[in-house]
Amino acid sequence: QFEAVTHGEGPLLVVAGAGSGKTRVLTHRIAHLIAERGVSPYEILAITFTNKAAGEMRERISRLVGPVAEKMWVSTFHSACVRILRRDAAVLGYPSAFTIYDQADAVRLTGYVVRDLGMDPKRFPPRAVHAAVSAAKNDGLDPDDYAERASVIYDRKIAEVYTEYQQRLQRAGAMDFDDLLLVTVRLLQTQPEVLERYQDRFRHVLVDEYQDTNVVQNDLVVML
């Protein structure tokens with residue numbers, strides 16, 4: 001634990017069993033960076049997977065470094081991406097006040113698309129179709145990528161839904177949960193000055209439960 005907390009520059013991966021103190025190490029490393037290394041709290045990005053875990057992590061950090069923890073970026077991937085997109089998504093054609101569709105909204109919209117494309121909702125249940133679209137987004141595939149890979153008729157139909165679904169989201173100035181990650185990655189890939197700004201801002205990126213990251217989340221961490 002001590003070696004991990006006091007590790008110098010460069011990447012570090014901690015592999016250890018449940019209950020062995022990985023999150024404790026992460027929070028103490030943040031305190032070490034601030035107290036011993038003179039790192040500004042605003043140069044640290046701490047990521048976890050659930051709002052509950054993020055809240056608990058912020059509380060732990062607050063006990064170690066004081067109230068400045070409230071102003072630090074300690075959040076889920078999705079919350080961090082929302083903050084980035086509210087500021088910078090306009091360059092990709094989204095309004096800064098874009099709407100976020102939750103799971104129910106996204107499945108409902110998928111159902112409308114399935115119906116309007118004249119597809120059989122028994123063969124293409126909206127929930128299952130949306131799950132396929134969601135999986136594609138988590139693998140970093142946009143509608144064109146997905147269509148290119150579709151080798152059977154079922155997948156080609158899903159690609160049609162994905163294309164129309166995405167167009168309707170954009171016309172509505174909206175994103176679903178998966179878009180929050182995927183659009184952020186696209187933003188950083190296509191706008192080097194935006195990427196550079198966040199790379200300069202976040203000198204230390206700490207990810208709890210890193211093994212649970214999907215392709216898009218991993219891309220995000222590596223780019224930063």
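I took buried to mean under 20% relative accessible area, exposed over 50%, and partly exposed in between, with a 1.4 Å probe and protein chains only. I kept in mind that this is a predicted model, in which local features need pLDDT of at least 70 and side-chain atom pairs count only at pLDDT 80 or more, while totals for chains, interfaces and linings use all residues. Residues are numbered from 1 along each chain as its sequence is written, and side-chain values use heavy atoms, with hydrogens and water left out.

I looked up Ser 134 and found it in helix α6, residues 126-138, where helices are DSSP runs of H or I with at least four residues, and strands are runs of E with at least two, numbered from the N terminus. Ser 134 counts as buried because its relative accessibility is 15%.

I then listed the buried residues of α6, which are Val 129, His 130, Val 133, Ser 134, Ala 136 and Lys 137. They cover an arc of only 160 degrees around the axis, so they lie on the same side of α6; the arc is taken from the directions from the helix axis to the C-beta atoms.

Next I checked the packing of α6 with α8, whose axes are 10 Å apart at an angle of about 80 degrees. Axes are lines fitted to C-alpha atoms, for helices over the stretch in contact (heavy atoms within 4.5 Å), and angles run from 0 to 180 degrees between N-to-C directions.
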